[in-house]
2 protein chains.
Amino acid sequence: MSPHTRHAHSPGRYIVGVDLGGTNVVVGAATESGDRQYALRSELTRADQGADAVVERIGRMIDTVVAQTMAETGAKRADFLGVGIGSPGPLDRAKGLVIMTPNLGWRDFPLRDRVSAQVNLPATLDNDANCATYGEWWQGAARGGRDVIGVTIGTGIGGGLILGGKLFHGASDVAGEIGHTTIDSTGRRCKCGNYGCLEAYASGPAIAERAREALAGDEASVLTERVNGDLGKITARLVYDAAKDGDFLARLVVRDTARFLGTGLANLLNIFNPDTIVLAGGVTAAGEALFQPLQAELRRRAFKPAVDACRIVPGTLGDAAGVLGAIATFKAQTMGAV
Amino acid sequence: MSPHTRHAHSPGRYIVGVDLGGTNVVVGAATESGDRQYALRSELTRADQGADAVVERIGRMIDTVVAQTMAETGAKRADFLGVGIGSPGPLDRAKGLVIMTPNLGWRDFPLRDRVSAQVNLPATLDNDANCATYGEWWQGAARGGRDVIGVTIGTGIGGGLILGGKLFHGASDVAGEIGHTTIDSTGRRCKCGNYGCLEAYASGPAIAERAREALAGDEASVLTERVNGDLGKITARLVYDAAKDGDFLARLVVRDTARFLGTGLANLLNIFNPDTIVLAGGVTAAGEALFQPLQAELRRRAFKPAVDACRIVPGTLGDAAGVLGAIATFKAQTMGAV
């Protein structure tokens, strides 16, 4: 090391991760090993401005993250290996295409190559829910697992599978669509057009909707006061908070959510026999009011050796999970392993 | 080759496969490569006589199969590498134990080592539904697949998973229990104690039961005559036959079976995105009356890229599937690959 460098140049290489969502884009960097993370930034996606504007925004965010990481570490631009991108799907990984994304309104959009050209770095593309699962496995709550299922519950329910220590994509990159598994074949209508999907019961909006339905039945609940009688303002978060405050109706809604989720996860236990399920997203804020009846439903519906073999953990990385997972998929796709 | 040998001694080595079921034991042999099969034999299991008697019966069957294969091929006893055993589970493969099998009444029974000692050959143990899937992949209808799901429909519904060209076992060897995935969380009671399992709708006995329920409603059907009014005699096979003869009620029962199966398989498509699903067991006898509405239900419930990527095929090996799969698992467990 020459004596005139003020910032010690950390030996090592860096990768940038992009987690593209319908609402927000999150970008950050990490060392190749993932143990040090830098410059996590979040901006609104604003897909309404068109794909070109989104690509430019992602490019600017990457440039900022690279510059900030260089400033913090003394790294040089040449130390950045590339960019891993996580995007809603379905995708074609080999071609780097987003085949279709209702939230962004894209069809067959060459996101990987557009971002790569924008920042002049190699890039890879993978599914956002895969990335979130991979991130928690690489650096978070699912670390050490071999057969891991990740379930992220938000506006929708996304899933990712790690089997034998590798992200599993299936025959055409759509594996892991756990939100659209049927738990009640004649049940609630799902946004996807089918009936009885897990997502139609346990996503954030579905939780709010079930609470509204219960309240419309004239049952007493603090929820009615908290939205000043405007049931359209009920959110899943309000339901969790009211449940924590002991509100009976809200507790029922959370308990039912746990049962629906438990039914979907029991199916995964009986099919996969995973060692770890990592749950992420707003619903984990419900805490034990959710996890206790969820475990009970698993014991009710899944085989004992499968229940015994599996730990259910909340994710610990928050917004960084998708970014770190995108970084890990860049590593896996370009170097064969993390 | 010396001129005095009458039977040419096929160069190569042989493996014996055992498919142990609650009703029958099937045993056969094959060359190491699986391309030539010998001496398939089936006998009643007679688990009521106790585990020792079953082990002795399996041992005698193996000895007969070995002798017959030697006679047919000119092979020597030393050319037999060992025995692969497929058994109902749950199992502990590493220890070679059958942990519990309601149909046989066993608990923690060291089946692998007992059979091995009986015939003085190395042995391996795997789940019967895994073996049936593996057999169809190795030598049958699922050949060439990479991510394959096998579903065997009989008294129960068993499943096996081949992911990335390898049999997938999960964290404690219970992966693949497709029959006990929930398709209707408040639905029919299953033998396993839960509600709404696929098996409670689409197994052979469940198909017969749904037909009986329909007939009890006074609907006209040739089925009533064919059992002389004794509805207890309705079987799934009678339902398929009546459906083929155009009986409306029987056709409805088969159509509903296809819808239930389609719901369960759509879940697997959305989770795994396999390239092949191989269906085996009596239900495939229903032919297009089953497969056509099954495909329709898949298109209704599964993502298009997942439906497009997957062929659904009936098994072609029949009884030999489990035996060949057991042979293949012996190879995989002792040599690392087939």
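These questions and answers cover a helix pair, a nonpolar core and a chain contact in a predicted model.

Q: What makes the contact of H5(A) with H8(A), by residue?
A: H5(A) supplies Ile207(A), Arg210(A), Ala211(A), Ala214(A) and Leu215(A). H8(A) supplies Leu249(A), Ala250(A), Val253(A), Asp256(A) and Thr257(A). By class, seven are nonpolar, one is polar and two are charged. Arg and Asp count as charged.

Q: What makes Val239(A) and Val239(B) stand out in the largest nonpolar core?
A: That core has 223 residues, and these two touch the most other members. Leaving out residues up to four places away in sequence, Val239(B) touches Ile207(B), Ala208(B), Ala211(B), Leu223(B), Ile234(B), Ala250(B), Val253(B) and Val254(B). A touch here puts C-beta atoms within 7 Å.

Q: How many residues does each chain bring to the contact of chain B with chain A?
A: Chain B brings 35 and chain A brings 36. On the chain B side, H8 (248-272), H9 (288-301) and H10 (304-309) each supply at least two residues. H8(B) gives the most, with six. The residues on the side of chain B divide into 17 nonpolar, 12 polar and six charged.

Terms used:
Residues are numbered from 1 along each chain as its sequence is written. Chains are lettered from A and ligands numbered from 1 in the order in which they are written. This is a predicted model: local features need pLDDT of at least 70, side-chain atom pairs count only at pLDDT 80 or more; totals for chains, interfaces and linings use all residues. Two residues are in contact if their C-beta atoms, placed from the backbone, lie within 7 Å. Helices (H or I, at least four residues) and strands (E, at least two) are DSSP runs, numbered from the N terminus. A nonpolar core is a set of buried Ala, Val, Leu, Ile, Met, Phe, Trp, Tyr and Cys residues joined through C-beta atoms within 7 Å. A residue is buried if 20 or more other C-beta atoms lie within 10 Å of its own, exposed if 12 or fewer, and partly exposed in between; C-beta atoms are placed from the backbone.
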